[in-house]
There are 2 protein chains.
Amino acid sequence: MSRPVVEFWYEFASSYSWLAVMRIEPLAEAAGVELAWRPFLLGPVFMALGWNDSPFNIYPPKGRYMWRDLERQAARHGLPFRRPSRFPRNSVLAARVALVGVGEGWVAPFSRAVMHANFAEDREIGEPAVIAEILAGLQLPAAEVLERAQAEANKLALRRQTERAAELGLFGAPSFRVGEELFWGNDRLEEALAWAAQAPAGG
Amino acid sequence: MSRPVVEFWYEFASSYSWLAVMRIEPLAEAAGVELAWRPFLLGPVFMALGWNDSPFNIYPPKGRYMWRDLERQAARHGLPFRRPSRFPRNSVLAARVALVGVGEGWVAPFSRAVMHANFAEDREIGEPAVIAEILAGLQLPAAEVLERAQAEANKLALRRQTERAAELGLFGAPSFRVGEELFWGNDRLEEALAWAAQAPAGG
C-alpha cells in the first residue's frame, strides 16, 4: 500500500517557507506521509494578483508584524534566525537547482541549506557562488549541477511548475496540497500532514 | 496580584474573528488571563492600506481558499457554520452595541450571538431588528441599549477605538495584544494567551 502524499509548494525568498522547509521532514516522517517537494516562484503568482513586490513590503504594517512574528516562531522552533538585509532575495537560481535536486534525491538537504543561508546567515542566495558553495557542502558536483539547472529544459520545467501553482489556486507560500485540498501557510503544516495521514490510501 | 491582560481586537464582519470570538473565553479562563474586548471596524484600517473591500473579495484565490479553510476550521472546533450570503456585512451597529456591552459586562455573550447570527445563521447583522432580537435574547432592554449605542459619545468612542487600532499597527482581525506584543489571526490565539500567562505580572 502506498503512503499518502503531500505536495509541498515553497519559495526560497519566502520567510514562512523558510520555517516550513526547516520543519517539514521529521513531521512528515512521523505522520507516515511522503513529500513531493515543489519549489516554485512566487513572483509571477504575485504579479497575477497585482503585486509587483512582496505584500510584506507593499503593506508596511504587515511587514513590521511579519518580522517580529518570524522571530517569535524561530524561537519557538529553536531555529537560528537573522533578518535578511535584503528581502525578498532573487530565488530563481536556487529554485532551478532545487528542481534538479527533486530528480536526483537531494532536494531536502539542499533546500534547508539555502533557507539557512538566506534566513540565518543573511547570505546572497541569488549569487551562483553561494549556491555552488552550498552544493559543494553537500558533496555534490557544483559546476555540473549548475549547468543542468541552467539548461533550457530545466528552466522551462520551473516555469511550468510556477504556472501550475497559479492554476491550482495557490496565492502564497508555503502551500500544501493533499489531493484537491489546499492548505496555506506554515501554520497549516501539521494540519495538512494530518489530513493526508487520515485520507483513504492514494487520496 | 492582578491577572495578565490580553487585548482582543475583533471585527463582526471578519470570518476569522468569528472563530476567535467563539473560542476565546474558555481558553483565556484556562490560561488565567483576563480579556479586554476591543471591538473595532476593519473598514477604515483597510482603506488606509488601499483596500476598499475585504482582501478576500479583492483577491479571488485568497477568498476561495478562505471559505474552504473556514469550513475545515469550523469542523475542527465543532462550530456550526453556514457561509454568509453577503460578505462582509455591515458591522457598525453591532460594534457600537458591543462597546456599550464592554462597559456593562455583557460584551462576550453578545459578541458570540452576533457572530453566530452572521456565520452560522446567515442573518443580516447590519439590521437593527436583528441586533434588537439578539439583545432581547440576552434579557437586555434592546431599545434602551440601541439608543445608548447610537448616542454621539458612543459613536465617537468606536471611531477612536478604530483609530487606535491603526496607531497600534493592526492591519487585520482578529488581533491580540499583550503589552507591546502583537499577534495576528485566529491561529495565534493560543500563542497570545500563553505569552500573556508567562509574562511578568502586569506585563
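The side chains of R68(A) and E181(B) meet in a salt bridge, with 2.5 Å from N to O. By salt bridge I mean a side-chain nitrogen of Lys or Arg within 4 Å of a carboxyl oxygen of Asp or Glu. R68(A) lies in helix α4 (residues 60-76) of chain A and E181(B) in strand β4 of chain B, so the pair joins two chains. R68(A) is partly exposed, with a relative accessible area of 30%, whereas E181(B), at 12%, counts as buried. The cut-offs are under 20% relative accessible area for buried, over 50% for exposed, and partly exposed in between, with a 1.4 Å probe and protein chains only.

Please note that this is a predicted model, in which local features need pLDDT of at least 70 and side-chain atom pairs count only at pLDDT 80 or more, while totals for chains, interfaces and linings use all residues. Residues are numbered from 1 along each chain as its sequence is written, chains are lettered from A and ligands numbered from 1 in the order in which they are written, and side-chain values use heavy atoms, with hydrogens and water left out.

Which residues belong to the network around this pair? Salt bridges that share partners join R68(A), D69(A), E71(A), R72(A), R76(A), D187(A), E181(B), R188(B) and E191(B). Within it, E191(B) bridges to R76(A), the closest N and O atoms being 3.5 Å apart.

I turn to the interface as a whole. Contact, meaning heavy atoms within 4.5 Å, involves 21 residues of chain B and 21 residues of chain A. The area buried between the chains is about 2200 Å², and carbon and sulfur atoms give 53% of that. Buried area is the accessible area (1.4 Å probe) that two parts lose on being put together, summed over both. In chain B, the residues that lose the most area to chain A are Y65(B), R72(B) and R188(B), together 26% of what that side buries.

There are also 19 residue pairs in polar contact between the chains, both residues at pLDDT 80 or more. A polar contact is a pair of N or O atoms within 3.5 Å; within protein, one must be able to donate a hydrogen and the other to accept it, and residues adjacent in sequence count only if both atoms are side-chain atoms. On the side of chain B that touches chain A, two or more residues come from each of α4 (60-77), β4 (181-184) and α10 (189-198) of chain B. Of these, α4(B) gives the most, with 8 residues.

How are the two copies related? A rotation of 180° with 0.0 Å of shift along its axis superposes chain B on chain A, at an RMSD of 0.0 Å. The superposition is by least squares on the C-alpha atoms of residues with pLDDT of at least 70 in both copies. The two are thus related as by a two-fold rotation axis. In chain B, the C-alpha nearest that axis belongs to D187(B), 3.6 Å from it. The same surface serves both copies, and 100% of the contact residues of chain B recur in chain A.

Terms used
Helices (H or I, at least four residues) and strands (E, at least two) are DSSP runs, numbered from the N terminus.
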